[in-house]
Each structure stands twice: as C-alpha cells, then as structure tokens.
Amino acid sequence: MMRSKLIATFFLSCLVVLLLSCNRSSNQTAASKLLIYTPHGQAQLKDFIARYKQLHPEVEVQFLDMGSREILERVRVERNRPQVDLWWGAAHTTFQTAADENLLASYRPSWADKVPPGSRDAQDRWYGIYETPEVIVYNSEVVSAEQAPRDWDDVLDPRWHDKVLIRNPNPSDSMRAIFGAMIWRFYKDTGSPERGYDWLRRLDKNVHEYTADGTILMQKLARREGLVSLWNLPDVWVYKQKGLPVSYVIPSSGTPVISDGIAIVRGAPNEAEARRFYEFATTPENLILAAQTYYRIPVRTDIDRKLLPAWMNESFTRMPLDWDLLRKEGGEWMRYWDTEIRGRNK
C-alpha cells in the first residue's frame, strides 16, 4: 500500500511539473510574438523586421500591410478582442480619432520631449515619427518643369482635362488631407464647405480615373494614362528612385503636412514587445535609415539634418489648417464627394 502511494505521489508530482513547464512555455511563446498593422509597404517592413530579429531572434514578428483607414476599421472591429499589438503608420488625424474612441494605449516613449506638441497626443496615445507633405505630381517625360502646375488651382486648368489621376480618397489619409485642405481654404472664411465642393467639382471635370491605390496611381502616371496627379512626397521619391518618370511641385501657396505616427493598441496581447519595437523603430539611427532608404522625413527635432537627403532640408510653405475640424467633418465631406461629385462633372 505504501509503495502504491509513493508511486502515485511521484506521478502526481511529475504531472504538476509538466503542467507548470507547459504553462511557462506558453507564456514565453506569447511574450515572443508581435503583430504589426502598417501601411508602410513590404520593403521597409521586411527590412526593419529582419534587423529587429538580429537583436531579438526569439521574437516571431508578423505584419499586415494595408491602408491606414482600413487599419482603423479593423482595430474598431477587434476592440473587444484585440489581435494586433502595434499600429505603425497613419495620419495624426486618424490616430487621434482612434485615441478618442479609446482604441489606443498610453505610452510615453523615451524621446517624447523631442517631438513638437502638434505631432503628439497630449495623453501619449500616439506620437508622430515622420512628416508627409502633399504635392502635385506629373509625368516628367511628357510635362516639363515649366509646364507643370505650380499651385493647387492650376490643376483645374482645362488643359489638364481628362489628364488627371487621383487616388480614391476614402481609404487614403494623404488624399483625405488634400481634399480636406481644399475645402478648408474656403471654409475658414465662409463657415461652409460649398465653395470647397465647387473646387472638387472642377477637379472632377479633369479627372481621367480615380485609382484604387497609390501604386496603381504611379504606374498609370508612368504609362501616360494620366499626366498629373496629387499625392504625397515620400511616395513620389520611392517611385523616382525605381526609375519611373515622375517629378513633383510643392504648391506655392502652401501644402498640408501630415504627421505620420505610431501607437500601441489598447489591450495588445504582447504590449511589452510592442513597446520594445516602438523604441527600436524610432531611434535616431533608424529614423535616419528610413529617411535615406525609404524617404521618410523624421519629425524628431534632435536628428542631425546633415545626415538626411538634401531635398528634406529644402524650405517650403506649410498650409495652416484646423486639423481637428478636418478630422471631425472629413467623413461627411468625403461622403458628399463620393455621392454628389465623383464622376458627375464630365
């Protein structure tokens, strides 16, 4: 009988050790995973993840590459059971909307005091890391620098009839910023979006096609399916370096500049790992790398500007905007454009 009890006790002890071991292994596995939602593209993501894994080979890093507005919708759907840990890339307006909806966790990075107040959330729920100016783009094989539009209103000239390509603005932070800025130019004086809607109607007369995404936009511009477009400056440089015949003009009257940010999702399954990657992606060395290789303009004020591409240090006029108004009214403005303006002015 005593022998049987000893054997039973031995096996029970082994079972407890095994269960504790499995539980510990499960916790270690969970702590070694990271899921990122991002619109920054395959090249930059794969590069940064590869270098992160050199430092932390035990971490399994995955990412989903999608538009910033798509990310917002996905995070909303997952709010009661978050799947993602880190959200890397969206306009500050989109992040502020997510913050107001209690979708983001508060985290103050080590470099928080190196960011201007307008490029960060007052409660540390998101921080801007890149600047994204919006520009006029043109096919440089067909349109000379002298012929290219110099300002926003020049794109409405009848000589560009059926020659303008526009990326569908609904899922795009860049295009929503541009369309919102065009409405704001008049709204600030009249308190009404009507004159801004008239501007978009005149633009619609010249639009050859509204493309599904920025890649298709630039490819069609290179193929001369359109000659002029409105898009963001970092992407133009990406495609210039790929050999596409595209160039740009920063509008003379001023341009909206997005703060492209980063945030940890509230309830992230692997928040500690998200914080570690957050700090890794935003070191001065990695911000300089992103500038030199992926044309991302850093927000931080402590970056040595001499290490950045020369074009990033060229001065230009920033368009002053009421970003909070654009964020709150932008949805209705885009709904009106989609239902009452798009494709109706040929």
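Student: In strand β3, what is the bridge partner of Tyr37?

Tutor: Strands pair if DSSP finds at least two bridges between them. Here, Tyr37 has Trp87 as its bridge partner in β3. Strands are DSSP runs of E with at least two residues, helices are runs of H or I with at least four, and both are numbered from the N terminus. Keep in mind that this is a predicted model, where local features need pLDDT of at least 70, side-chain atom pairs count only at pLDDT 80 or more, and totals for chains, interfaces and linings use all residues. Residues are numbered from 1 along each chain as its sequence is written, and side-chain values use heavy atoms, leaving out hydrogens and water.

Student: How many bridges join β1 to β3, and how many join β1 to β2?

Tutor: Strand β1 (residues 33-38) is joined to β3 (residues 86-91) by 2 bridges, and the two run parallel. Between β1 and β2 (residues 60-65) there are 6 bridges, again in a parallel arrangement. One of the pairs is Lys33 with Glu60 in β2.

Student: Is β1 mostly covered or uncovered?

Tutor: Buried means under 20% relative accessible area, exposed over 50%, and partly exposed in between, using a 1.4 Å probe and protein chains only. In β1, 5 of the 6 residues are buried, so the strand is mostly covered.

Student: And Lys46, is that buried or exposed?

Tutor: Lys46 sits in helix α2. Its relative accessible area is 52%, so Lys46 counts as exposed. Its C-alpha atom is separated by 9.6 Å from that of Gln62, which is 16 residues apart from Lys46 along the chain.
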